[in-house]
Amino acid sequence: MRCTGGPGTDDPSILRCQSFSLSLLVMMAYDLRPFQLKAPTWMETAGYEIIAKIPPGTDRPQFGVMLQALLAERFGLRIHSEKQSMPTYDLTVAKGGPKLSKAAE
């Protein structure tokens, strides 16, 4: 499972993905983190090969829109976004200050 090329890489003119899951392609297209995507299990297990030419001068936001169009056209992908409450944690320093030491090299 790997993806090479695209904007910001050594080969910005072509994107090559081998055995890449649809979930990872969606996260790449919409700039999502894994916890932000709820999808069926098959989207994580099925691998796809994609070879796409990218026009010269394409930046990352434009590339995302192109990838979104590819997913809609080839997979019939439609998205639904919503806000959800999630638990969060607040890391604070205890009384007396931090008791951290520098890591040994």
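This is a predicted model: local features need pLDDT of at least 70, side-chain atom pairs count only at pLDDT 80 or more; totals for chains, interfaces and linings use all residues.
In soluble globular proteins, nonpolar side chains tend to be buried together. In the present model, the largest nonpolar core comprises 14 residues, and those with the most contacts inside this core are Leu15, Cys17, Leu25 and Leu71. Four elements each supply at least two residues of the core, namely strand E2, spanning 14-21, helix H1, spanning 22-30, strand E3, spanning 47-53, and helix H3, spanning 60-75. The greatest contribution to this core is that of H1, which provides four residues. Leu25, one of the residues with the most contacts inside the core, touches Cys17, Phe20, Ile50, Leu67 and Leu71 when residues up to four places away in sequence are not counted.

The burial of helix H1 can be followed along its sequence, where Leu22, Ser23, Leu25, Val26, Met27 and Ala29 are buried. The cover over these buried residues of H1 includes E2, helix H2, which spans 42-45, E3 and H3.

Two packed helices are described by the angle between their axes and the distance between the axes. For H1 and H3, the packing angle is about 140°, and the axes lie 7 Å apart. Because angles over 145 degrees are needed for a roughly antiparallel arrangement, this value makes H1 oblique to H3. The crossing in which H1 passes H3 is left-handed. On the side of H1, the contact is made by Leu22, Leu25, Val26, Met28, Ala29 and Tyr30, while H3 takes part through Phe63, Gly64, Leu67, Gln68, Leu71 and Phe75. Sorted by class, the contact of H1 with H3 contains 10 nonpolar residues and two polar residues, with no charged residues. Leu25 and Leu71, which belong to this contact, are also among the residues with the most contacts inside the largest nonpolar core.

The C-alpha atoms of Gly64 and Pro7 are 9.9 Å apart in space, although the two residues are 57 residues apart in sequence. Pro61 is likewise found in helix H3, but its relative accessibility is 59%, so that Pro61 counts as exposed. Pro61 and Leu24 are 37 residues apart in sequence, and their C-alpha atoms are 17 Å apart in space.

The loop between E3 and H3 contains Ile54, which counts as buried because its relative accessibility is 7%, under the limit of 20%. Apart from its neighbours within four places in sequence, Ile54 is in contact with Gly6, Pro7, Pro12, Ser13, Ile14, Leu15 and Phe63. Of these partners, Leu15 is also one of the residues with the most contacts inside the largest nonpolar core, and Phe63 is one of the H3 residues in the contact with H1. Between Ile54 and Gly76, 22 residues apart in sequence, the C-alpha to C-alpha distance is 21 Å.

The backbone of the model has a positive phi at residues other than glycine. In Ser19, phi is near 50°; this residue is found in strand E2, where Ser19 is partly exposed, with a relative accessible area of 48%. Asp31, which is not a glycine, has a positive phi of about 55°. Asp31 follows H1 and is found in the loop between H1 and H2, where, at 69% relative accessibility, Asp31 counts as exposed.

The loop between H1 and H2 is also the place of Gln36, a residue that is partly exposed, with a relative accessible area of 43%. Gln36 and Gln84 are 48 residues apart along the chain, and a separation of 9.6 Å is found between their C-alpha atoms.

Technical notes
Residues are numbered from 1 along each chain as its sequence is written. Side-chain values use heavy atoms; hydrogens and water are left out. A nonpolar core is a set of buried Ala, Val, Leu, Ile, Met, Phe, Trp, Tyr and Cys residues joined through side-chain atoms within 4.5 Å. Buried means under 20% relative accessible area, exposed over 50%, partly exposed in between (1.4 Å probe, protein chains only). Contact means heavy atoms within 4.5 Å. Axes are lines fitted to C-alpha atoms, for helices over the stretch in contact, and angles run from 0 to 180 degrees between N-to-C directions. Angles under 35 degrees count as roughly parallel, over 145 as roughly antiparallel, 65 to 115 as roughly perpendicular and the rest as oblique. A crossing is left-handed if the near helix is turned anticlockwise from the far one by less than a right angle, and right-handed if clockwise. Ala, Val, Leu, Ile, Met, Phe, Trp, Tyr, Cys and Pro count as nonpolar, Asp, Glu, Lys and Arg as charged, and the others, Gly among them, as polar.
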